[in-house]
Amino acid sequence: MNEFFSMGGYAAFVWPALGLSALVMAALYIQSLWTLRAREAELEALQGEKTDETQA
Amino acid sequence: MHRFANPTRFMRYSAVILPWAAWSTAALIAIGLYLALFVAPPDYQQGESVRIMFVHVPSAWMALFVYTGMAVASAMALIWKHPLSDIAARASAPIGACFTFMALATGSLWGKPMWGAWWVWDARLTSMLVLLFLYLGYMALVDAFDDPARGAKAAAILALVGFVNVPIIKFSVDWWNTLHQPASVVKIGGPSIHLSMLAPLLIMVVGFTTFYVAVLIMRMRTEIVTAKLRSLQMNANRD
């Protein structure tokens with residue numbers, strides 16, 4: 001197992017490369033998802049208000 | 001083409017595609033990483049450092065692929081003025097910028113042990129850095145105007161002019177003497193890379209592509225919802 005993590009002496013390059021890529025992709029994905037959810041919630045709230053007004 | 005380029009239809013179909021794209025991304029990257037780290041052999045010259053290739057090459061390809069898509073969408077936006085093509089180009093830019101950054105960063109981490117330098121001003125590396133600046137320039141320009149339509153138009157022209165850089169990146173390793181190794185997958189005579197390395201590489205490429213599709217859909221939906229919000233708020237202010 002230790003041999004696997006040492007990556008033939010290249011551990012200091014292989015693991016940061018994989019880790020950084022994973023970090024960038026996860027951050028982009030989560031940021032995109034959260035922004036979408038926030039905007040959808042805003043739209044729903046605004047449309048809810050509209051229908052309340054028309055009913056009143 | 002025009003049948004699908006309709007925002008209402010896009011909202012309906014993209015909602016169906018999104019979970020498929022997201023779950024395929026997770027599955028493909030998990031399988032690809034397993035094959036890349038446990039099954040693929042070390043390189044006969046580069047040893048275990050070659051495993052960086054399995055994220056470096058897919059992100060570099062995606063950087064070019066996303067830019068090409070952005071240029072095509074920009075051309076469509078300028079010619080046919082269809083709102084979805086502007087939205088697609090705008091939503092692609094940050095994704096492409098992330099892939100370009102990943103290609104540069106992983107390349108740097110691969111260059112240090114293999115070439116002895118984090119960075120060299122070589123044709124391939126320099127043209128890739130220019131690509132990153134094109135993405136960042138696009139993102140700055142598209143939001144630099146009070147009128148979103150003017151921003152979209154200016155940014156679309158930048159995307160089209162910048163497209164000249166894409167073939168320069170692709171052929172830089174053939175046109176100039178560079179430290180960067182030449183193509184070993186997409187080349188005349190077929191790939192010169194063994195299946196045990198080619199299979200995980202291609203699986204990662206497909207996984208990165210479905211990732212792009214998933215994030216693109218989320219960002220395009222965000223743009224459409226935001227536009228709807230803006231028009232509702234404007235109507236509310238008028239009442």
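**Around helix α4 of chain B**

Analyst: Let's start with the place where the two chains meet, keeping in mind that this is a predicted model. The contact draws 29 residues from chain B and 23 residues from chain A. On the chain B side, the elements that each give two or more residues are α2 (53–80), α3 and α7 (195–238). Of these, α7(B) supplies the largest share, 11 residues. Sorted by class, that side of chain B comes out as 17 nonpolar, six polar and six charged residues.

Now a quick look at each chain. Chain A has two helices and zero strands, and 16% of its 56 residues count as buried. Of the 239 residues in chain B, 38% are buried. Take the contacts in chain B with a separation of 6 or more: 76% of them come from residues 24 or more positions apart.

The part to zoom in on is α4(B). This helix has 20 residues and reaches 28 Å from its first C-alpha to its last, close to the 28 Å expected at 1.5 Å a residue. Which of its residues are buried? They are Ala123(B), Arg124(B), Leu125(B), Met128(B), Leu131(B), Leu134(B), Tyr135(B), Tyr138(B) and Val142(B). The cover over these buried residues includes α2, α3, α5 and α6 (165–175) of chain B. Let's take some of those neighbours in turn.

Begin with α3(B). Helix α3 (residues 83–115) and helix α4 (residues 123–142) of chain B pack at an angle of about 150°, and their axes are 9 Å apart. The two helices are therefore roughly antiparallel to each other, and their crossing is left-handed. If you want to find the meeting place on screen, look along α3(B) for Arg90(B), Ala93(B), Pro94(B), Gly96(B), Ala97(B), Thr100(B), Phe101(B), Ala103(B) and Leu104(B). Facing them from α4(B) are Met128(B), Leu129(B), Leu131(B), Leu132(B), Tyr135(B), Leu136(B), Tyr138(B), Met139(B) and Val142(B). By class, the residues in this contact divide into 15 nonpolar, two polar and one charged.

Next comes α5(B). The axes of α4(B) and helix α5 (residues 148–162) of chain B come within 8 Å and cross at roughly 165°. That makes this pair roughly antiparallel as well, but here α4(B) passes α5(B) in a right-handed crossing. From α4(B), the contact uses Leu134(B), Gly137(B), Tyr138(B), Leu141(B) and Val142(B). From α5(B), the contact uses Gly151(B), Ala152(B), Ala154(B), Ala155(B), Leu158(B), Ala159(B) and Gly162(B). Count them by class and you get nine nonpolar, three polar and no charged residues.

Setting aside neighbours within four places in sequence, Val173(B) is in contact with Arg124(B), Thr178(B), His180(B), Pro182(B) and Ala183(B). For a sense of scale, Val173(B) and Thr8(B) are 165 residues apart in sequence and 44 Å apart in space, C-alpha to C-alpha.

Lys81(B) sits in the loop between α2 and α3 of chain B. Its phi is positive, about 55°, although it is not a glycine. Lys81(B) is exposed, because 12 other C-beta atoms lie within 10 Å. Over in chain A, Met7(A) lies in the loop between α1 (2–6) and α2 (11–55). Met7(A) also has a positive phi, near 50°, and is a residue other than glycine. With 19 C-beta neighbours inside 10 Å, Met7(A) counts as partly exposed, since a residue needs 20 or more to be buried.

Conventions: Residues numbered from 1 in each chain as written. Chains lettered and ligands numbered in written order. Predicted model: local features only at pLDDT ≥ 70, side-chain atom pairs only at ≥ 80, totals over all residues. Axes fitted to C-alpha atoms, helices over the stretch in contact; angles between N-to-C directions. Helix = DSSP H or I, 4+ residues; strand = E, 2+ residues; numbered from the N terminus. Parallel < 35°, antiparallel > 145°, perpendicular 65-115°, else oblique. Left-handed = near helix turned anticlockwise from the far one by under 90°. Contact = placed C-beta atoms within 7 Å. Nonpolar A, V, L, I, M, F, W, Y, C, P; charged D, E, K, R; others polar. Expected span 1.5 Å × (residues − 1).
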